[in-house]
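Dear colleague,

I am handing over the structure below, and my notes on what was found in it follow directly after.

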Amino acid sequence: MTFAPTRRHAAALLGGLAAVPLIRGASFAERYIDVRGGGDFKPVNVAVAPFGGDSGASMSTIIVNNFKRSVFLNPVEAGDLGGNPDAAPNLAAARAVNAQFVVTGRSGRGEGRMKTEFRLWDVGSGAQAAGQQYVTDPNNARRVAHIVSDAIFSKITGEKGFFDTRVAFVDESGPRENRRKRLSIMDLDGASLRHLTRGDDLVVTPRFSPNSQELTYMAFGSEDPRVFLLNIDTGQREVVGNFPGMTFSPRFSPDGQRVVMSLSQAGAANLYSMDLRTRATTRLTDSGAIDTSPSYSPDGSKIAFESDRGGTQQIYVMGAGGGGANRISFGQGRYSTPVWSPKGDYIAFTRQGSGGFAIGVMKPDGSGERILAEGFHNEGPSWAPNGLFVMFFRNGGGGPKLFMVDIFGRGEFPVTTPGFASDPSWSPLLG
Amino acid sequence: MNISMHQLKLAGVIAVAVALGACSKNPTDLDGLNGSGAGRSGVGGVGAAGAASPGSTQDFVVNVGDRIFFDSDSSEINGSGQATLDKQARWLNQYASYAFTVEGHADERGTREYNFALGARRAEATKNYLISRGVSAARIKTISYGKERPVAVCDDISCWSQNRRAVTVLKPGA
């Protein structure tokens, strides 16, 4: 197997990227580190040789920087690994720094196109474990570096990558009592920043559609605050539904056909879903309580949400069509903002207790709770597409900033934003 | 109304705030009592107290009190809130041409989406209380700002308690 099916999508997005496997018969299913085994793992040492070609240096630098934030891979510096990506690298140099893998490659321009290739070498066997060649527009150099990073991460962990992704978030500026909030979008590494709204209206809680082309979010305007849909490329904006009151807390269904959200009426907040094609709405809860922060299971069959129907905010799970809900959070404190992992194995949450606001994960039946980040105020987890990391915002030092942490709490990293930032939404893999 | 009376009333508002644990850092700092809860400018304020003519929006803000405060994670209107709303209702019934919006707010110690709902619940409770005191429902709109528009921005209880509020904002020019 090769990565060809994934790359075909990348070709569409990148406008003519051609991907050619440089290896035959490599097994995609192999994994060199078991990320399912718990947090007691040793990161895999990877030595990235400086890429050849006129774009090579920046390419390999981006890849190394990605791996520094990968938790599961550990980039190590080695001596001369040999500069020829067509030949096996200098394995002795790799072994000298305990590298388990070596990455070689080159990237250069010719006739207006940029050609990038990499090979991944297993130091133990000396064999090539993966390899790929990409031809694209030079403007897409950073994305190619992320795609290569993902291919290597995937090969070694047996899991999907997460580098070729974007983050939608709320850019915050101005005084705390009257914050200017702008809907913004950037690559995971902070590049390609765009502000999607001007900051005239208060905007919060953007969420990506499954195809990454749209955002749903809540905005204030002259009328009641409402849920909107925004096409990221065209800028076209529309109200979702015609509800008699404030709508908020919108999320897409996994097939992208529905938006589930809260409607505030007479002091209660209930969940509704709307079919984006037929515009038909379905009422999902009727508790007289605050039911909000819904999240579909990845198969679309269930919805996790928070409700204070029992007295305090707790997490419940019900069928996607509504009906009876079962409480799943029973630890200390108030539980909110459940988000189902794309893999379905965990639900991430915000937990409020005496120690502040923590980010954690639990299994969908409520067992196996694990706190990943604690402090005065952490809030609003969003999953990486591979289900191995969550991003969240942390208030402190005058305003919120974005952070990411792996599901074992082994590594936490700041996510670069231009200023204060909140409400992150991590896109699916773009490829 | 004369100026000394305004000051007396303001002192009363402060005293209530202290009793609720809602003391501001500096008791003479009345910024938190100025203007709309959503940070709009130009509505009343202490500086305008001397110019507050009866029936004006300044009169309402300064002499009646435009806001009530809530306990943490609660939308129950306590005794002090009821006293303020009773005064609001009398004033609103006297000056019946005003339409107004009740803004519900929450402090920052809650998650964003829950706080929108909590602010809505506070606005609704305030609206219902005013209706129970004879104010026409047709005059009242509600909106929730959740934790988006704090009036006090320190990171301790003195600020949080000022932010858990419902503010009655008159439509100017009525």
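How are H2(A) and H4(A) oriented to each other? The model is a predicted one, in which local features need pLDDT of at least 70 and side-chain atom pairs count only at pLDDT 80 or more, whereas totals for chains, interfaces and linings use all residues. Residues are numbered from 1 along each chain as its sequence is written, while chains are lettered from A and ligands numbered from 1 in the order in which they are written.

Helix H2 (residues 56–68) of chain A packs against helix H4 (residues 141–157) of chain A at an angle of about 50°, the axes being 9 Å apart (axes are lines fitted to C-alpha atoms, for helices over the stretch in contact, and angles run from 0 to 180 degrees between N-to-C directions; helices are DSSP runs of H or I with at least four residues, numbered from the N terminus). H2(A) and H4(A) are therefore oblique to each other, given that angles under 35 degrees count as roughly parallel, over 145 as roughly antiparallel, 65 to 115 as roughly perpendicular and the rest as oblique. Among the residues making the contact are Ile62(A) and Phe67(A) of H2(A) and Ala145(A) and Val148(A) of H4(A), where contact requires C-beta atoms, placed from the backbone, to lie within 7 Å.

Between the chains, 18 residues of chain B are in contact with 24 residues of chain A, and helix H4 (residues 112–132) of chain B supplies the largest share of chain B's side, 10 residues.

Chain A itself is divided into domain 1 (4–157) and domain 2 (166–426), with bounds from an automatic or database domain assignment; their C-alpha centres lie 33 Å apart, and six residues of domain 1 of chain A are in contact with nine residues of domain 2 of chain A.

Best regards

Key: Helix = DSSP H or I, 4+ residues; strand = E, 2+ residues; numbered from the N terminus. Contact = placed C-beta atoms within 7 Å.
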